[in-house]
Amino acid sequence: MHHDVHISVDEQLVLSPKFKRNLYIALAIGIILFVIGVAMAAMGGGGHDTHSIHGAEATQEITEAVAETAHHGPTWMTRMWADLWHNSVFFSGIALLGVFFMCVQYVAWAGWSSILKRIPESFGSFLPIGGALLLVIFLVANHDIFHWTHEGLTDPKSPEYDKIIAGKSGYLNVPFFLTRMVVFFGLWYFMWTLMRKQSLLEDQHGGDSYYHKSGYISAIFLFIFGISVPMAGWDWVMSIDTHWFSTMFWVYNFASWWVSSLSAITLICIYLKENGYLKGMNDNHFHDLGKFMFAFSIFWAYIFLGQWLLIFYANIPEETVYFLDRTQAYDKKYTFLFFFLLFINFVFPFLWFMTRDSKRKTLLLKIGGIGLIFGHWLDFYVMIMPGVTKGTSEIGFMEIGLLIAFVSLFIIIITNTLTKAKLIPQNHPMLEESLHHSI
């Protein structure tokens with residue numbers, strides 16, 4: 001192996017004006033495409049009856065669409081809010097799972113990853129943005145996205161009374177939902193700031209004490225994570241289909257976030273390496289990241305098929321409705337996407353990352369990573385959109401524009417955080433082990 005024990009680890013990321021300009025141009029392009037998509041949807045009507053998805057019934061006046069609620073069928077505004085919710089949930093999850101990655105390395109006493117620690121560490125800086133977006137969207141558009149927020153559903157005297165929703169009202173109610181959201185993001189961000197503080201102090205002063213403190217904080221974070229992430233998955237995604245539930249859903253939700261975050265970490269490491277940074281990072285580090293992407297793509301498929309096939313086999317109506325909406329209902333609008341998920345999120349990475357070389361070549365890792373992020377973005381689209389828009393959504397300017405905008409915003413926030421500290425932790429006790437990492 002070719003390791004230079006004298007390699008410099010004193011690296012400070014400097015963003016070129018061209019890089020920053022391109023990011024803001026991409027952000028602007030994404031916003032413009034989103035606005036065009038909204039305008040096209042508004043002018044085209046976009047409102048469909050909840051139970052009938054035929055083009056002849058789609059034309060309505062925009063003023064009626066604005067006033068229409070979920071009781072009367074989704075509108076173009078429903079699609080817009082659902083798209084914003086979809087992207088906010090997806091990228092907030094990527095940020096959170098970046099912090100999770102870092103904490104897992106600490107509690108596992110893993111040395112190989114110390115050279116790239118600053119990349120997942122920077123992901124936590126997106127949490128306030130994601131939390132603020134989700135909070136605002138819910139406050140403005142909760143009726144459009146979540147059926148359970150409507151009045152009268154829990155009142156036995158109301159004609160809108162829904163026995164199933166009433167039975168869940170102790171958990172699914174607006175004050176408690178908002179409390180959970182604020183508390184979760186508050187705890188996640190607070191724990192991240194504690195981790196970040198210890199990391200920067202370690203750079204300044206050295207010694208093992210900061211490493212050990214980071215390990216204790218990581219253990220506490222993982223405890224909080226283990227309680228909050230299942231509830232976040234139930235709240236933000238599963239409760240959209242209020243009558244449906246699955247005890248496996250939160251694991252499925254986590255798996256999709258986790259693979260996406262691993263892919264994002266890998267892509268950022270590759271970009272930095274190709275631009276002259278992370279000089280001590282070698283093929284062995286990329287091999288380990290590739291193994292993570294490969295392994296957890298299989299894990300995602302295991303949960304996907306486990307949930308789907310168990311429900312399919314039991315054939316209980318209140319369980320199968322979720323999958324019928326995604327494979328049979330709405331003129332089978334989501335059928336292709338549903339089965340395409342298995343290809344892009346399992347078959348493709350399984351075959352792509354199977355060989356040793358594919359996990360050590362940055363070009364192959366880039367293709368695989370981009371494919372996985374897009375595939376799991378589609379995964380969350382299929383989780384969220386059928387339950388909200390009832391077949392009236394499609395992937396057009398609105399969706400692609402938001403994807404470009406959120407990717408650009410995420411990179412802007414992350415790279416800005418990376419510039420505020422040394423790119424490689426200066427006094428990490430396992431840094432030498434990482435510099436000599438070989439598998």
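Me: What radius of gyration does the protein have, against that of a compact globule with 439 residues?
Reply: The model is a predicted one. For 439 residues, a compact globule would have a radius of gyration near 22 Å.

Me: What does the C-alpha trace span along its principal axes?
Reply: The secondary structure comprises 16 helices and zero strands. Along the principal axes, the C-alpha trace of this protein spans about 75 × 40 × 40 Å.

Me: What share of the contacts with a separation of 6 or more joins residues 24 or more positions apart?
Reply: Buried residues make up 57% of the 439 in the protein. Among contacts with a separation of 6 or more, the share from residues 24 or more positions apart is 81%.

Me: Which residues does Trp 236 contact, leaving aside its neighbours within four places in sequence?
Reply: With its neighbours within four places in sequence left aside, its contacts are Trp 85, Val 89, Leu 134, Phe 146, Phe 177, Met 181, Phe 185, Trp 188 and Trp 257.

Me: Is Ile 373 buried or exposed, and what is its relative accessible area?
Reply: Ile 373 lies in helix 14 (residues 362-389). Its C-alpha atom is separated by 9.2 Å from that of Leu 262, a residue 111 positions away along the chain. Beyond its neighbours within four places in sequence, Ile 373 is in contact with Phe 90, Ser 260, Ser 263, Ala 264 and Leu 267. Buried means under 20% relative accessible area, so Ile 373 counts as buried with its value of 16%.

Me: Which helices do the buried residues of helix 11 pack against?
Reply: The buried residues of helix 11 (residues 317-327) are Glu 319, Thr 320, Tyr 322, Phe 323, Asp 325, Arg 326 and Thr 327. They pack against helix 9 (249-274), helix 10 (283-314), helix 12 (329-332), helix 13 (335-352) and helix 14.

Me: How far apart are the mean positions of the positive and negative charges?
Reply: The protein exposes about 18,600 Å², of which carbon and sulfur atoms supply 68%. It has 27 positive and 33 negative charges, and their mean positions are separated by 10 Å.

Key. Residues are numbered from 1 along each chain as its sequence is written. This is a predicted model: local features need pLDDT of at least 70, side-chain atom pairs count only at pLDDT 80 or more; totals for chains, interfaces and linings use all residues. Side-chain values use heavy atoms; hydrogens and water are left out. Contact means heavy atoms within 4.5 Å. Helices (H or I, at least four residues) and strands (E, at least two) are DSSP runs, numbered from the N terminus. The radius of gyration is taken over C-alpha atoms; the globule rule is 2.2 Å times the number of residues to the power 0.38. Buried means under 20% relative accessible area, exposed over 50%, partly exposed in between (1.4 Å probe, protein chains only). Accessible areas come from the Shrake-Rupley method with a 1.4 Å probe; for residues, only the protein chains shown count as cover. Lys and Arg count as positive and Asp and Glu as negative; His and the chain ends are not counted. The place of a charge is taken as NZ of Lys, CZ of Arg, CG of Asp or CD of Glu.
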